[in-house]
Amino acid sequence: MTIYNVYIFDREGQCLFYDEWFRTKQSGLSKIQEYKLVFGMMLSMKSFSERLATADSNQTVNFYKTSTYKMTFLESATGIKILINTDPNANGIRELLHKIYQAWTETANSAARLISSETEPDESFLKSRVKQIVTKHPCYV
Amino acid sequence: MTHIQHLFVINRAGSLIYHWEGKNEVAEIDKTYTSHPMAVHLEEVDQKAVVVFGEKEGVKLRYYVKSINNSPVSGTRFFVDNEEEPQNVLEFLQKPENFPVTVKFAAPTISTNEKIILSSMFHSLFTIAVQLSPCMKSSGVEVLETTQFKLFCLQTRTGVKFVVITSAASNIAADTLLSKMYELYADFALKNPFYSIDMPIRCQKFEEGLKILLDRAEKSNGALTF
């Protein structure tokens, strides 16, 4: 079992955070292009599902799976989107996403405080926190 | 309520060549509005007058106008008694003199046109998933799960995709179902001398076989083989 990579997007589609651990294949695009493609695909998947499902309650896309990986989606009420690629058989990824979201809100808030006091926000801090959370997860390695 | 909602067969270019839809009851609701303006807000979406705001008393979002004063609406147009020219639904409902009015709303359904759009949309999502793979030799989307449905897809060596959509609660052995569908396709569509490849499948034997297969799949809900 493996956890490959994670993307965090804001609601405009700007990639706020990216990190990878065991990624063995690159998409062959520049990073910016890849973020755009990932975000665009997620939006299309959402609209695809909305068109397909005719029941009236709200729906959220949970994940999609291919033969080698699984992409799990989480969207917060504020429009922050977290996407994570794992092994197709990984369990408990939703909980992992919630933890990452929590880490994100905490560090993003403190970063905002840092900006207001005119000091450089420490980006590597979030990176190490996410890494800490991910490496602790049983599906890592 | 059946578990299997849709079947699609998509050819290698991304166009829909066969579709089947489970028969589920479509909710309909009659409303009489006595005064202008109406409580619900309608807009034209995909050539239908659709509720976009103000869901109320059983009229829900995405419901569309099916008839007005018992005259059926096609698209956004309908005929008022004794008139030659069709009227636009949205314009008709804007005029206070047309009230009181009885409007029949129906729950959204997927038209054949939309199915064609959805198929090509899925075809591209499938391809993008291959490109975004973090590891080598990935296939395209095999399973897509939302809170409302599960989608399973089998792509054959020749690029034909078999897609089955079930309810979120079902645990039908979709892999078996898909490979059986592939078998039927090979047996009754491909072996049919009058079938030309990549064209829509119109074949009685295929449909009969599919019907039997779906009945069995529906009854054996959860079983691994059927």
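Reader: How many residues of chain A are in contact with chain B?
Author: 31 residues of chain A are in contact with 34 residues of chain B. Contact means that two C-beta atoms, placed from the backbone, lie within 7 Å. This is a predicted model: local features need pLDDT of at least 70, side-chain atom pairs count only at pLDDT 80 or more, and totals for chains, interfaces and linings use all residues. Residues are numbered from 1 along each chain as its sequence is written, with chains lettered from A and ligands numbered from 1 in the order in which they are written.

Reader: Which element gives the largest share on chain A's side?
Author: H1(A), with nine residues. Helices (H or I, at least four residues) and strands (E, at least two) are DSSP runs, numbered from the N terminus.

Reader: And how do the residues on that side divide?
Author: Into 13 nonpolar, 13 polar and five charged. Ala, Val, Leu, Ile, Met, Phe, Trp, Tyr, Cys and Pro count as nonpolar; Asp, Glu, Lys and Arg as charged; the others, Gly among them, as polar.

Reader: What joins S3(A) to strand S11 of chain B?
Author: Four bridges, and the two strands run antiparallel. Strands pair if DSSP finds at least two bridges between them. A:Lys65 has B:Val143 in S11(B) as its bridge partner.

Reader: What about S3 and S4 within chain A?
Author: Three bridges join them, again antiparallel. A:Phe63 stands opposite A:Thr72 there.

Reader: What is the strand order in the sheet?
Author: S2(A)-S1(A)-S5(A)-S4(A)-S3(A)-S11(B)-S12(B)-S13(B)-S1(B)-S2(B). That is an open sheet of 10 strands with antiparallel pairing.

Reader: Which strands does helix H3 of chain B lie across?
Author: S1, S12 and S13 of chain B, at about 140 degrees to S13(B). Axes are lines fitted to C-alpha atoms, for helices over the stretch in contact, and angles run from 0 to 180 degrees between N-to-C directions.

Reader: New topic. Where is the cis peptide bond?
Author: Between B:Phe99 and B:Pro100, with omega about -5 degrees. B:Pro100 is in the loop between H1 and S10 of chain B. Most peptide bonds are trans.

Reader: What is phi at B:Asn69?
Author: About 45 degrees, positive although B:Asn69 is not a glycine.

Reader: Is B:Asn69 exposed, partly exposed or buried?
Author: Partly exposed, with 15 other C-beta atoms within 10 Å. Buried takes 20 or more, exposed 12 or fewer, partly exposed lies in between, with C-beta atoms placed from the backbone.
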